[in-house]
Amino acid sequence: NASDALDKLRYLSVTDPQLSKDAVDLDIRIQTDKDNGIITITDSGIGMTRQELVDCLGTIAQSGTAKFLKAVKESKDAGTDNNLIGQFGVGFYSAFLVSDKVVVSTKSPKSDKQYVWEGEANASSYTIREETNPENLIPRGTRLTLYLKRDDKGFAHPERIQKLVKNYSQFVSFPIYTWQEKGITKEVEVDEDPAEAKEADQDEKIEKKKKTKKVVERYWDWELTNETQPIWLRNPKEVTTEEYNEFYKKTFNEYSDPLASSHFTTEGEVEFRSVLYVPAASPMGRDDITNPKTKNIRLYVKRVFISDDFDGELFPRYLSFVKGVVDSNDLPLNVSREILQESRIVRIMRKRLVRKTFDMILGISMSENKGDYETFWENFGKHLKLGCIEDRENHKRLAPLLRFFSSQSEDEMISLDEYVENMKAEQKDIYYLAADSVSSARNTPFLERLLEKDLEVLYLVDPIDEVAIQSLKSYKEKNFVDISKEDLDLGDKNEEKEKVTKEEFSRTCDWIKKRLGEKVANVQISNRLSSSPCVLVSGKFGWSANMERLMKAQTVGDTSTLEFMKGRRVFEINPEHPIIRELNAAFKSNPDDEDALRAIDLLYDAALVSSGYTPDNPAQLSGKIYEMMGMAISGKWSTFDSQQSASQPPQTETLEAEVVEPVEAGSQK
């Protein structure tokens, strides 16, 4: 109300300069008496006459501001003033929520007299009288005095008032001063101890120095509370980067500069102004990706703070790291969660805020300083991947911002645009492989044939990567293809050769399938292997080995789904590998040979591990490996030692003979 009174005076003074003839600064001052629970709010605005007191304060839902705006709009030679805040005519009565009594003393430049309106919370009437006390006279404006209820006297504490003003009225157009206790440090002389003074007199050579001490002298004075200016109301061309950074630090209590900022005004069916920032670091704990209530977006209506408690109404969850302010003149002051959820204005605002955010992030990615986007990706890359899953409408904006390691770039992440640029002329798809690390992906058998053909493969090493890529499905008309799944097409099919190979190994495949039973869905010839004998691939619509590992690690999981999804596995063999050729020969000569059947079991277990799956029985696998090792090295070194021992002649020890002297019979010797 004080801000509106000042705005009205400023507006009307343009056509009637006599209204502001008293040289009084346009400001708002708040003074508190915490001992008695009294708050006094004084403005130097337009004030009210006696009749206006009756009309505005004596009638509920009679908004003086709304009436004023209506008159301005009806005036042909005057424009509207969007800085006015009041709308409903009930704001004043909220004072009685915390006050037993409210006193309004007001002086209008249109009247020579100052009037006092007084009302009590439980009374059915109010009084208006003329101010006769010279000490209470004001040159112009309104003084509102709240006599707080006993339980609400805490509001009269100066620090609490200052905090409330900074939070809710920081960006009101006029300066707001609060009455604060301050201190100044002074040095004062200290009286000397009589004993020390006597010793000093005895020794005249010692130069006397007056002793002092520092004391803090307390006093009360006015302090400007809303010193931060609403930077979004200014022309973006006139605001420097330093000013944007300073505003960011003060508003969000940050210590470092943001990575980027975006200042824009949206006009048309919905009008609002906004300044958005991308922080330089993620918050401690990094739990904001699952918690959209971050209080990072502050909503203002006509520069008055409304709320920062949103649950995805203004920004989707995956962009919850973005900080900023949004100021709209189209939203009502009494905006609530229900209004935000159902408001068409808010839906339009959200759409444009998200679009501007993507433009800002794209600007970071295209910056000459690559380190900025590396920092951004390290802190907020997971948020964008979550966006790929949750926001299908913005896939085209999200995809160019993604970064991955690849088989040709293991140390530095690349974008999807860079991958597409490096694609071979005959390459139709974007290949990827999900693993727990770059080293695991690098050594997997799935890569063998693709590396031979110099085809680049993206390494998805983050747990969320695989789901994000599957949600995208394609990029620039190139489908994403998982090389660890069946029916991999590398575009180099030789139908005649495949036909011959299939005829030769088809029965062997059936034999291996019979041995493995329900462990695999099928056994077939592989087109992705070159040096490995076999590999275990997942079904086209089943989980990959990486996804199966992640699902097993879930705290709450559905074991029945797990069994169903992992049941579709395909065992692929490399017909050119010596082991497979030996097995093919074993099938033709003796398909029931125990050694050949054990070799199939061991091949499956080895493929299980090399393909990224977890063996169902690790101890049994270890036993098979020990058995095969025993067969391979049996007698290899022990036979060599026995042969070497037999070839060397036995060594005999040479003993020296002892010389014994002859002894006479009967002698004592």
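This is a short chat about how to read some features of the predicted model above.

Me: What should I know about the model before I start?
Reply: It's a predicted model, so local features need pLDDT of at least 70, side-chain atom pairs count only at pLDDT 80 or more, and totals for chains, interfaces and linings use all residues. Residues are numbered from 1 along each chain as its sequence is written, and side-chain values use heavy atoms, with hydrogens and water left out.

Me: How many bridges join β7 to β8?
Reply: There are 13, and β7 and β8 (residues 212–224) run antiparallel.

Me: In what order do the strands of the open sheet come?
Reply: The sheet has 6 strands, in the order β15-β14-β17-β16-β19-β18, and the pairing is mixed. At the edges sit β15 and β18, each pairing on one side only. Inside that order, β16 (residues 430–434) pairs with β19 in the parallel sense over 3 bridges. Y431 has V481 of β19 as its bridge partner.

Me: Is K476 buried or exposed?
Reply: Buried means under 20% relative accessible area, exposed over 50%, and partly exposed in between (1.4 Å probe, protein chains only). K476 has a relative accessible area of 52%, so it's exposed. D487 is exposed too, at 53%.

Me: What counts as a salt bridge?
Reply: Side chains of opposite charge can pair when their charged atoms come close. The rule used here is a side-chain nitrogen of Lys or Arg within 4 Å of a carboxyl oxygen of Asp or Glu. By this rule the count comes to 25 salt bridges.

Me: Which residue forms a salt bridge with D595?
Reply: That's R598, with the closest N and O atoms 2.3 Å apart. D595 and R598 are 3 residues apart in helix α19 (residues 594–610), so about one helical turn separates them. D595 counts as partly exposed at 43% relative accessibility, and R598 does at 30%. Salt bridges that share partners also join K382, K385, D462 and D465 into one network.

Me: Where are the partners E118 and K101?
Reply: First, the bridge: their side chains meet at 3.9 Å, N to O. The pair links distant parts of the chain, with E118 in strand β4 (residues 114–120) and K101 in strand β3 (residues 99–107), 17 residues apart. E118 is partly exposed at 21% relative accessibility, and K101 is partly exposed at 24%.

Me: How many residues apart are E576 and K497?
Reply: Their side chains form a salt bridge of 3.5 Å, N to O. They are 79 residues apart: E576 is in the loop between β22 (569–573) and α18 (578–589), while K497 is in helix α15. E576 is exposed at 52%, whereas K497 is partly exposed at 49%.

Me: Last one: which residues form the negative surface patch?
Reply: Patches are made of residues with over 30% relative accessible area and no salt bridge, with like charges joined within 9 Å. Asp and Glu count as negative. In this model, E374, D411, E412, E418 and E421 form a negative surface patch. β15 (409–415) and α11 (416–422) each supply at least two of its residues. E374 is in helix α9 (residues 370–390) and is exposed, with a relative accessible area of 51%.

How values were computed
Helices (H or I, at least four residues) and strands (E, at least two) are DSSP runs, numbered from the N terminus. Two strands pair if DSSP finds at least two bridges between them. Patches are made of residues with over 30% relative accessible area and no salt bridge: like charges are joined within 9 Å, nonpolar side chains (Val, Leu, Ile, Met, Phe, Trp, Tyr) within 5 Å. Accessible areas come from the Shrake-Rupley method with a 1.4 Å probe; for residues, only the protein chains shown count as cover. The place of a charge is taken as NZ of Lys, CZ of Arg, CG of Asp or CD of Glu.
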